[in-house]
Amino acid sequence: MTTETTETETRTFEADVSRLLHMMVHSVYSDRDVFLRELISNAADACEKLRYEAIGRPELLGDDPKQRITIAADPDKKQLVVEDNGIGMSRDEMAEALGTIARSGTRAFVERLEAGKANEETQLIGQFGVGFYSAFMVADRVDAISRQAGRGEAWRWSSDGKGSYDIGSVALGEAPKRGTRVVLYLMEDAASYTESYQLERLVKSQSGHVPVPISLIEKPGSEARDIADGTALWVKPKSEIKPEEYTDFYRSVAGQYDEPAATIHFRAEGRQEYSVLAFVPGSRPFDLFDQDRKGRMKLYVRRVFITDDADLLPRYLRFVRGLVDSADLPLNVSREMIQESPLLAAIRKGVTNRILADLAKLAENDAAAYAKIWENFGVVLKEGLYEDYERREELLKLARFWSTGFGEELRSLADYVAAMKEGQKAIFFMTGEDRARLEASPQLEGFKARGIEVLLLTDPVDSFWVTIAPEFEGKPFKSVTQGAADLSEIPLLDKAAKSDTETSSEIATFLAFVKTVLGDSVSDVKPSDRLTESAVCLVAPEHGPDRQFERLLNAAGRLDKAAKPVLEINPRHERIAELAKLGKDERAFKEDIAHLLYDEARVLDGDKPADAKAFSERLSRLVARGMHRS
């Protein structure tokens with residue numbers, strides 16, 4: 001029922017909220033303690049937003065300039081209150097913030113949980129911008145009463161988490177003078193959250209780092225006592241910070257509930273002064289592959305929260321979570337002007353360089369820890385190889401790859417170059433969608449026979465960056481599925497194997513015949529030095545995209561005209577030698593063979609025969625010929 005906007009109205013939750021609340025009530029989450037941290041985090045954000053707004057409008061602070069968060073317990077009534085004197089919310093803001101889920105990545109998270117794929121790394125609600133709803137893990141009902149700073153009205157939001165909520169006005173005497181009061185009516189089995197030692201333990205272990213003081217009222221009528229001083233963690237010397245404090249801060253600022261894989265804490269001094277506390281998550285955030293590819297670093301200026309939407313890192317470092325606190329950026333300008341500031345550009349450059357340098361140190365000093373980071377975020381870091389020309393060399397040094405001959409061991413380009421064969425002039429690679437299929441590709445045979453390592457690149461971005469990363473330490477990148485293999489100068493490992501590069505006149509005549517028969521289907525038919533076991537394979541011409549890149553461009557509708565492939569035939573293959581001996585009276589059969597060889601190469605390359613009906617007819621004639629001869 002909907003009444004006048006000054007009265008209470010009942011609204012239905014957005015569908016995704018209802019789904020999420022249903023899962024919470026039915027114990028999807030194993031760690032209910034997280035609710036208090038999420039509510040404190042929301043309260044701290046509200047206080048920081050007020051600090052920012054008060055720079056231009058100091059009257060918003062009134063006679064209460066000091067931000068604070070107060071936790072009040074009532075054991076007898078089984079109630080818990082978390083109150084802040086921050087910016088507060090209007091009626092519309094309450095409906096938007098508490099009735100819908102706007103944060104991208106949430107739907108994917110909900111769907112993953114409903115599919116039964118949740119694990120310890122997905123047990124955090126805050127990761128998905130829905131921290132407030134964690135209150136329903138411990139409460140039968142939640143009220144949120146808010147009064148926006150500088151406004152003369154207050155509003156109450158109330159829900160039992162079962163599909164709808166009420167929202168309406170409330171008398172000013174029942175509301176905070178400014179800010180938001182969240183009242184939790186606790187479930188029977190959550191009554192322990194009113195015990196003072198339990199609350200103090202949770203605050204100190206989970207939220208002691210927030211830059212707003214936190215006080216506790218143990219029971220109605222008791223005096224408030226401080227349990228967290230509001231000293232920002234990032235301004236403390238590293239020597240005074242315990243590992244668990246870093247972890248707690250990471251979990252709050254990152255919205256993750258795992259352990260950070262790397263912590264980067266430093267203060268820059270000189271032309272620009274700023275502090276950085278950043279983390280590489282221990283697992284992939286759900287919004288890692290959002291189309292907007294936005295970062296999640298917060299910007300502060302002299303401990304005043306400015307925005308969480310600043311362009312502080314390039315998009316290929318969007319997995320990094322944390323904050324930058326500048327001593328130089330002005331406080332009295334808009335967020336938009338700060339974004340355009342040359343000071344921010346200088347900070348962005350310095351922070352990016354430091355993060356890449358710290359990752360390089362980790363890769364050198366703890367290969368196992370870095371391998372885990374690369375497993376989670378390598379595909380994102382490789383976007384920088386395509387986008388960031390200035391730092392491409394550093395990123396190439398950070399890159400790790402699967403490679404032929406090394407099983408599950410990830411290889412660096414430095415490893416590759418150090419192991420290059422005498423006479424080898426290029427870094428060879430092969431792109432595709434599946435590592436196992438790549439390893440079985442006929443195009444690799446000649447390289448394996450010579451012990452030449454080939455990088456196996458299976459991420460879509462690989463097909464792009466290799467086209468613009470011309471070399472590493474003076475060695476060019478070369479696709480094994482494009483152009484000539486240039487293997488003649490590198491000897492076979494098996495000295496007894498055939499390695500002759502001469503093609504008999506009989507084979508040459510047969511190849512010329514195949515080329516004539518195939519006509520415009522191929523750009524050329526050549527003898528192959530990259531095949532040792534298979535009879536045929538397809539490669540791309542020397543210039544233009546390689547085979548996998550061409551497929552990606554075609555799938556994206558960005559290919560005007562596909563290049564005609566080169567059909568390579570193994571002149572040392574027994575079947576080819578026998579086919580080359582066929583006389584002129586076998587012309588019709590040889591024409592079928594030419595097309596079948598081409599279709600065989602297409603199938604080996606992951607494609608279908610060029611003409612399924614014609615392929616079937618030719619294959620039937622070949623079978624009939626064999627049966628007749630037998």
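Cys537 is buried, with a relative accessible area of 1%. This value, like the others in this report, was computed from a predicted model. Cys47 is likewise classed as buried, because its relative accessibility is 0% and the class covers values under 20%. A disulfide is a covalent bond between the sulfur atoms of two cysteines. A search of the whole structure for such bonds returns 0 disulfides.

Val623 belongs to helix α19, which spans residues 612–629. With a relative accessible area of 44%, Val623 is partly exposed. Together with Leu619, Leu622 and Met627, Val623 forms a nonpolar patch on the surface. The accessible area of these residues together is about 350 Å².

Arg271 is located in a loop, between strand β10 (262–268) and strand β11 (274–280). Its relative accessible area of 79% means that Arg271 counts as exposed, since exposed residues have values over 50%. From Arg271 to Ile507 the distance in space is 71 Å, C-alpha to C-alpha, and the two residues are 236 residues apart in sequence.

The following table sets out the accessibility of the residues discussed.

| Residue | Relative accessible area | Class |
|---|---|---|
| Cys47 | 0% | buried |
| Cys537 | 1% | buried |
| Val623 | 44% | partly exposed |
| Arg271 | 79% | exposed |

How values were computed:
Residues numbered from 1 in each chain as written. Predicted model: local features only at pLDDT ≥ 70, side-chain atom pairs only at ≥ 80, totals over all residues. Heavy atoms only, no water. Patch = residues over 30% accessible without salt bridge, like charges linked within 9 Å, V, L, I, M, F, W, Y side chains within 5 Å. Areas by Shrake-Rupley, 256 points an atom, 1.4 Å probe, with all protein chains shown as cover. Salt bridge = Lys/Arg side-chain N within 4 Å of Asp/Glu carboxyl O. Helix = DSSP H or I, 4+ residues; strand = E, 2+ residues; numbered from the N terminus. Buried < 20%, exposed > 50% of the residue type's maximum accessible area, 1.4 Å probe, protein only. Disulfide = S-S within 2.5 Å.
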